[in-house]
Amino acid sequence: MNPGTQMVKLTYREAAREGLRDALARDPRVFLMGEDVGHYGGCFAVSKGLLQEFGPERIRDTPLSELAFTGMGIGAAMGGMRPIVEIMTVNFSLLALDQILNNAATLLHMSGGQFNVPLVIRMATGAGKQLAAQHAHSLEGWYAHIPGIRVVSPATLADVRGMLWTALEDPDPVLIFENNTLYTMEGELAVDAGPVDIDHARVLREGSDVSIITYSASLHKSLAAAETLAGEGISAEVIDLRTLRPLDDATIMGSVAKTHRALIVDEGWRSGSISAEISARIVEQAFYELDAPVERLCSAEVPIPYARHMEQAAIPQAETIVATVKRMVQSHG
Amino acid sequence: MKNKTKQTAKVDRDHGLRLLRKMLLIRRFEAKSAELYSAMKIRGFLHLYDGEEAVAVGVMEALTPEDAVVATYREHGQALARGVSANAIMAEMYGKQEGCSRGRGGSMHLFDAAARFYGGNAIVGGGLPLALGFALADAMQGKKRVTCCFFGDGATAEGVFYESLNLAALWRLPVLFILENNLYAMGTAICYAHAVADIAPKAASHGVQTEIVDGMDVLAVEKGARRGAEFVREGNGPYFIECRTYRFRAHSMFDAELYRTRAEVEKWRKRDPIASFFDLCKEQAVLSDADMEELERDVAAEVDGAVAFAEAGTWEPVEDLTRYVYSEGRPR
Ligand SMILES: Cc1ncc(C[n+]2csc(CCOP(=O)(O)OP(=O)(O)O)c2C)c(N)n1
């Protein structure tokens with residue numbers, strides 16, 4: 001950021017919208033398509049006003065046809081356009097999974113390097129709004145299992161605006177996961193905030209006793225937990241992974257080498273999760289740095305329930321992060 | 001494809017009272033639900049059926065208790081008309097364990113085994129193949145039952161709709177398809193989602209017996225549904241009814257309604273299924289204003305009772321969070 005750059009107050013939702021506006025204004029090949037992105041204004045109001053600003057050629061309301069319009073995005077990307085496909089939520093992306101996995105992720109390899117797919121797919125993810133089990137899952141970790149796509153998950157205003165830009169410049173498919181509880185989060189951002197890298201994790205808070213490795217909505221819970229822990233004399237380092245595939249091993253291992261303890265906080269289910277992958281990598285690459293076993297806080301292994309107290313009990317919370325870290329630090333101090 | 005024109009049907013008093021009461025119960029129950037949503041007692045997504053009551057009420061008249069019902073996330077109307085208790089539905093939306101899904105489903109996921117009410121599906125089109133499966137199971141077990149599946153115009157753009165029509169027709173499955181065509185899928189008008197906006201011929205082109213009814217006219221819906229249910233029950237294969245209707249309120253509580261005009265909504269409100277049916281009953285001198293007043297009192301008492309029941313309900317203990325992921329009492 002240039003010194004003297006003007007800062008503005010805005011929400012995560014507005015920052016996401018600014019990212020879309022940047023992209024549409026900058027590159028005539030860019031267009032947005034998905035359900036209710038136009039006339040309705042976007043199911044989470046992210047694309048509100050863009051139809052009026054950019055017209056129906058570039059802000060395209062699709063029928064409820066996730067499989068078809070996602071596949072169409074792949075074809076359009078290969079055909080010279082730079083589509084942004086919006087899928088309302090990750091649960092609905094399962095209707096398009098065939099195209100994402102069997103086409104977007106494989107075409108470059110299957111064609112012997114001839115055809116790349118410069119497609120961006122955005123979708124909302126996560127629990128916390130009492131939307132129950134068909135609307136609230138966190139499947140980004142699943143997608144991170146798939147070679148051939150990149151998976152990013154912006155937790156900050158700068159990232160939700162800037163990652164889209166970088167993703168659109170990528171020659172390969174990028175999936176962007178926006179946690180639905182973050183849309184109302186407020187913050188400050190430079191008016192001319194631009195692209196950000198999507199290759200590296202970021203240490204958002206430095207610490208020396210434990211590394212809390214997390215992403216998306218859980219980042220903010222982890223930061224709050226770190227603040228509480230600081231008050232009790234425990235110094236937690238907090239890492240925002242930002243990109244779930246490929247993982248930035250260097251940043252993770254660098255932090256573990258410093259703190260010697262790792263807690264991974266992940267809103268996905270525990271079994272076979274991205275947290276399991278990170279844990280395995282720490283054990284593989286930094287085992288001798290560890291003063292305590294790697295720990296994980298994940299969602300309970302249930303479909304996300306509707307009732308608020310049950311939903312909140314199902315997902316990681318700042319209090320559970322605090323308690324876990326205290327236990328890790330005390331029992332292995 | 002038949003396109004039945006409206007005849008002025010004769011209503012008898014009991015029938016009129018029953019239909020009117022059910023529609024009124026849905027209307028009042030949902031108006032209260034909207035209030036409770038604003039009061040933050042009900043959370044998540046809340047999709048109201050306001051304006052479409054004649055569809056669920058008319059269709060349920062044609063079903064027996066043995067038949068099965070599969071609905072969408074906009075299913076308070078179907079659930080109430082099917083006889084799921086208002087208490088259990090309200091408690092569900094409060095998230096209380098006395099709710100029909102123990103508070104795990106909320107407004108979009110009402111289930112009731114006793115009523116053979118199988119949800120409550122919030123994946124658009126997700127209920128269609130499920131309904132086919134119930135029908136297949138019935139057919140294979142020689143049970144003469146109907147599976148009735150509700151879905152919206154939006155769902156008819158999904159691939160699963162065409163796959164389901166084809167399979168149902170191919171295997172002559174006992175499914176009664178009920179399309180609730182309210183002209184919008186969220187904020188996307190049918191003209192932006194369908195190259196051919198007439199949906200019924202698409203079902204017909206798969207070899208499914210099809211008819212179109214006025215979904216604002218409860219008697220027309222009932223007649224069509226009786227024809228359809230009988231056709232299905234007699235083993236003739238699936239039957240498809242397009243009910244032309246309209247939702248008076250927003251898609252959900254999170255909708256600024258930027259996509260349609262007030263004038264359009266007002267125009268449809270003039271065809272209110274409850275008011276127009278009551279008018280018809282009055283014209284035929286089978287019901288009076290006094291009857292309506294009594295119904296209103298009766299329905300208000302039921303709705304108040306449901307709220308009191310939900311308020312008095314209890315929260316499921318957090319220790320039970322991981323129950324019902326796998327069946328209990330599994331043989332070992
Ligand atoms: C597969 C899937 N895609 C998108 C959504 C989000 N969504 C919920 S309701 C809806 C509109 C459905 O319209 P329609 O089928 O006509 O039913 P209506 O809401 O009008 O009753 C959409 C897009 C969803 N729930 N499931």
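Residues from chains A and B surround the ligand, so the site is shared between chains. This is a predicted model, in which local features need pLDDT of at least 70 and side-chain atom pairs count only at pLDDT 80 or more, while totals for chains, interfaces and linings use all residues. Side-chain values use heavy atoms, with hydrogens and water left out; residues are numbered from 1 along each chain as its sequence is written, and chains are lettered from A and ligands numbered from 1 in the order in which they are written.

The ligand is surrounded by 21 residues, each having a heavy atom within 4 Å of it, and the closest are A:Glu66, B:Tyr73, B:Arg74, B:Ala122 and B:Gly154. Among the polar contacts (pairs of N or O atoms within 3.5 Å), a polar side-chain atom of B:Tyr73 is found 2.8 Å from an oxygen atom of the ligand. An N or O atom in the side chain of B:Asp153 lies 3.2 Å from a ligand oxygen atom, whereas for B:Ala155 it is a polar backbone atom that lies 3.1 Å from an oxygen atom of the ligand. Of the 580 Å² of accessible area that the ligand has on its own, the protein covers 97%, as computed by the Shrake-Rupley method with a 1.4 Å probe.

Chain A is divided into domain 1 (7-190) and domain 2 (202-331), with bounds that come from an automatic or database domain assignment. The centres of these two domains of chain A, taken over C-alpha atoms, are 26 Å apart. Their contact (heavy atoms within 4.5 Å) takes 30 residues from domain 1 of chain A and 25 residues from domain 2 of chain A.

An open sheet of chain A is formed by five strands in the order 9-11-10-13-14, with mixed pairing; strands are DSSP runs of E of at least two residues, helices are runs of H or I of at least four, both numbered from the N terminus, and two strands pair if DSSP finds at least two bridges between them. Strand 9 (202-205) and strand 14 (295-299) of chain A stand at the edges with a single partner strand each, so one side of each is left without a neighbour in the sheet. Within the sheet, strand 10 (residues 210-214) and strand 13 (residues 262-269) of chain A run parallel and are joined by three bridges, and A:Ile213 has A:Ile264 of strand 13 as its bridge partner.

Helix 11 (residues 274-286) of chain A packs on this sheet, touching strand 10, strand 13 and strand 14 of chain A.

Key:
Axes are lines fitted to C-alpha atoms, for helices over the stretch in contact, and angles run from 0 to 180 degrees between N-to-C directions. A polar contact is a pair of N or O atoms within 3.5 Å; within protein, one must be able to donate a hydrogen and the other to accept it, and residues adjacent in sequence count only if both atoms are side-chain atoms.
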